[in-house]
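Hi,

Here is the model I promised to pass on.

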Amino acid sequence: MAGRIHVIRHAEAIHNITKDFTLHDPGLTPLGKSQASALPQTFPHAHKIGLIISSPLRRTIQTTLLAFSHVLDKSYYPDSQGGIPNGAKLVLDPKLQERSAEPCDTGSTREILGKEFPGLEFGVLDEGWIEKARFYAVDDGSVEERARRVRGELKGYVEELRRREGGRERRDVVVVTHGVFMRFLVGDQGFDLPKAEWKSFYVEEGNGGSILVPVGGGD
């Protein structure tokens with residue numbers, strides 16, 4: 001069976017409660033941390049995850065590390081007991097960042113993130129990823145292009161996992177992102193998920209490139 005794509009919305013962040021969108025790259029609330037830590041109780045596909053891709057904003061990184069400490073490689077948790085030997089790989093992808101140019105949806109520098117999350121690699125973040133301009137601009141066309149590229153890369157990730165894992169089960173990909181961007185990613189502006197909730201898809205080829213197709217109840 002081809003691998004699945006599990007799209008997850010980050011857990012509750014500080015600006016979600018305060019409605020103060022001038023907060024720069026806010027982290028999770030105490031409830032948000034509890035939501036992320038509890039996600040394994042409702043997510044039944046952990047043993048199938050071969051790769052996790054996360055937006056590099058603080059709240060998505062925190063959600064990822066808390067929710068998948070039983071899945072990710074232990075190298076991502078240098079100061080704690082999290083992670084497992086030969087665990088899943090984590091990729092930080094700036095294309096998954098939230099749409100708006102509000103401070104709350106604008107990422108932090110590589111230097112700041114590196115100090116806060118010393119087990120992660122931030123060299124993949126180009127210097128312009130937090131500027132909300134050019135490729136990362138907030139207009140519909142730019143966001144749709146980011147989403148289109150992510151879908152194409154997801155198809156490649158699934159194919160690579162199938163080749164690498166062979167008969168093993170770890171062929172699924174988790175994507176941890178944001179409420180607005182995920183609508184562009186799944187190609188449905190009415191799509192919505194509660195905080196720290198998820199929905200599964202297959203990636204297939206459609207008109208104009210890769211598309212995400214919801215997994216049916218019997219799959």
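**What I found**

Strands here are DSSP runs of E with at least two residues, helices are runs of H or I with at least four, and both are numbered from the N terminus.

Before the rest, some housekeeping: this is a predicted model, so local features need pLDDT of at least 70 and side-chain atom pairs count only at pLDDT 80 or more, while totals for chains, interfaces and linings use all residues. Residues are numbered from 1 along each chain as its sequence is written, and side-chain values use heavy atoms, with hydrogens and water left out.

Back to β2, which covers residues 49-54 and is joined to β3 by 4 bridges, the two running parallel. Within that pairing, L51 has K89 as its bridge partner, and I52 has L90. Another 5 bridges join β2 to β4, again in parallel, and there I53 is partnered by V175. From β2 the chain crosses through α3 to β3, and this β-α-β crossover is right-handed (with the strands pointing away from the viewer, the path from the first strand over the helix to the second runs clockwise).

The sheet as a whole is open and has 6 strands in the order β3-β2-β4-β1-β5-β6, with mixed pairing; two strands pair if DSSP finds at least two bridges between them. At the edges stand β3 (89-92) and β6 (209-214), each with a single partner strand, so one side of each has no neighbour in the sheet. From one strand to the next, the twist averages 30° (axes are lines fitted to C-alpha atoms, for helices over the stretch in contact, and angles run from 0 to 180 degrees between N-to-C directions).

Helix α3 is worth a look too. Of its 10 residues, 9 are buried, so α3 is largely enclosed by the rest of the structure. Those buried residues pack against α1 (14-18), α2 (30-38), β2, β3, α4 (110-116) and β4 (172-177). One of them is T60, which counts as buried at 0% relative accessibility. Leaving aside neighbours within four places in sequence, T60 is in contact (heavy atoms within 4.5 Å) with H10, S54, S55, V176, T177 and H178.

Over in helix α5 (residues 140-165) sits R146, also at 0% relative accessibility and so counted as buried. Its contacts beyond four places in sequence include P94, E98, F135 and F181.

F43 and W198 have ring centres 5.0 Å apart and planes at 80°, so they are edge-to-face. F43 lies in the loop between α2 and β2, and W198 in strand β5 (residues 198-206), 155 residues apart. F43 is buried at 3% relative accessibility, whereas W198 is partly exposed at 22%. Together with F68, they form one aromatic cluster.

Cheers

Key. Buried means under 20% relative accessible area, exposed over 50%, partly exposed in between (1.4 Å probe, protein chains only). Rings of Phe, Tyr and Trp (its six-membered ring) pair if their centres lie within 6.5 Å; planes under 30 degrees apart count as stacked, over 60 as edge-to-face and the rest as tilted.
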